[in-house]
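These are my notes from a first look through a structure that was new to me. I wrote down each thing I looked up, in the order in which I went.

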Amino acid sequence: MSTPPASDYMGFVGVTTGSSSIMKVFPLWADILGLPTRTLIGHDLPMDAAPEQYRALVEQIRDDPHHRGALVTTHKMNVFAAASELFDELDPFAISCSEISSIAKRGDKLSGRAKDPITVDLALNDFLPADYFTTTGAEVIILGAGGSGTALSWALAERDDAPQKVTVTARSDDKLDHLREVHRQHGTRDGLIEYVRTDSVEDAAALVAAAPRGSLIVNATGLGKDRPGSPLPDDVVFPEGAYVWEFNYRGTLEFLHQARGQEQSQNLHVVDGWRYFIHGWSQVVADVFELELTADIVEQLAEAAEGVR
């Protein structure tokens, strides 16, 4: 556990937080937003951390008067599973999606929120036309049914311009069963989501290759950031004209490189995770410090971050 400083700070719960651009970006944002601290402390936990480790970290955040709150990345579903009862308040997204991505304090109450359904929608709207699915008939394949994949499937179901079909993959039935339950509780229309177990990268590649022209293909697995690799083999064939979205912006980024390799031949629109990073962090910072963000302020933050990318 990291040693807390003697003045106010914000936390970042992840796996390799020290290599994230936010460590350089946060002080710049603090100046723009007038935050009471420019200090961001990383809380690194292994991907297979024990429930006791999550509980201890949440208790540290709760009990340290200088700790203002934290953003949670890779561990957001595990934090909910291990420590949700330590929170005084959980928002509907956190309860429905069984994840916590933002930890904040409201007086003496500890608040947990799931910001991903909002931030992933903001990032999606930055590059995809509002009427895209209606006008093209394109479908969506989300590789990964963890927190980010769940959030994107939720956001797509809520769009006025919802696709006709969203396929979500996972390597385990448990992840898919959890996602089914999330959508059942949410009231997602029958037939929109197809839940597919992929036991190999070749299984995933077959789904991608069969997707209609212009489909949205998303890496929501964490592969290429938290650990090397891609959910697809190198000989995968992306659909002609597809939007290929890599949720990550740092790491080995094998999925992104696979898409870049076919950018010209398949006329792909390749998008990395930078804007998702901007929206994800700005939404949580606003939650922790109780700020209202406008589109103009977000663009100021994005411009400041671009200089250290």
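Predicted model: local features only at pLDDT ≥ 70, side-chain atom pairs only at ≥ 80, totals over all residues.

I noted that the structure holds 13 aromatic pairs. In one of them, Phe93 and Trp154 stand edge-to-face, with 4.8 Å from centre to centre and 85° between the planes. I placed Phe93 in helix 4 (residues 92–97) and Trp154 in helix 7 (residues 147–158), so that this pair, 61 residues apart, links distant parts of the chain.

I then returned to Tyr132 and Tyr243, which form an edge-to-face aromatic pair with 5.2 Å between the centres and 85° between the planes. Tyr132 belongs to helix 6 (residues 132–136) and Tyr243 to strand 11 (residues 243–246), and the two are 111 residues apart, which again links distant parts of the chain.

For packed helices I record two things, the angle between the axes and the distance between them. Helix 11 (residues 274–288) and helix 12 (residues 295–306) pack at about 125°, and their axes are 10 Å apart. That angle makes helix 11 oblique to helix 12. I noted the crossing of helix 11 past helix 12 as right-handed. Which residues of helix 11 and helix 12 meet? On the side of helix 11 I listed Trp274, Arg275, Ile278, His279 and Ser282, and on the side of helix 12 Val298, Glu299, Leu301, Ala302, Ala305 and Glu306. By kind, the residues of this contact between helix 11 and helix 12 are six nonpolar, two polar and three charged.

The axes of helix 1 (residues 22–33) and helix 12 come within 9 Å and cross at roughly 145°, and helix 1 passes helix 12 in a right-handed crossing. Helix 1 brings Val25, Leu28, Trp29, Ile32 and Leu33 to this contact, while helix 12 brings Ile297, Gln300, Leu301, Ala304 and Ala305. I counted these residues of helix 1 and helix 12 by kind as nine nonpolar, one polar and no charged.

I looked up Ser21, whose place is in the loop between strand 1 (9–14) and helix 1. Ser21 counts as buried because its relative accessibility is 14%. Apart from its neighbours within four places in sequence, Ser21 is in contact with Tyr249, Trp274, Phe277 and Val308. Last, I turned to Arg260, which I found in helix 10 (residues 254–261) and which, at 38% relative accessibility, counts as partly exposed. Between the C-alpha atoms of Arg260 and Val270, which lie ten residues apart along the chain, I noted a separation of 6.8 Å.

How values were computed. Residues numbered from 1 in each chain as written. Heavy atoms only, no water. Axes fitted to C-alpha atoms, helices over the stretch in contact; angles between N-to-C directions. Helix = DSSP H or I, 4+ residues; strand = E, 2+ residues; numbered from the N terminus. Parallel < 35°, antiparallel > 145°, perpendicular 65-115°, else oblique. Left-handed = near helix turned anticlockwise from the far one by under 90°. Contact = heavy atoms within 4.5 Å. Nonpolar A, V, L, I, M, F, W, Y, C, P; charged D, E, K, R; others polar. Phe/Tyr/Trp six-rings, centres within 6.5 Å; stacked < 30°, edge-to-face > 60°. Buried < 20%, exposed > 50% of the residue type's maximum accessible area, 1.4 Å probe, protein only.
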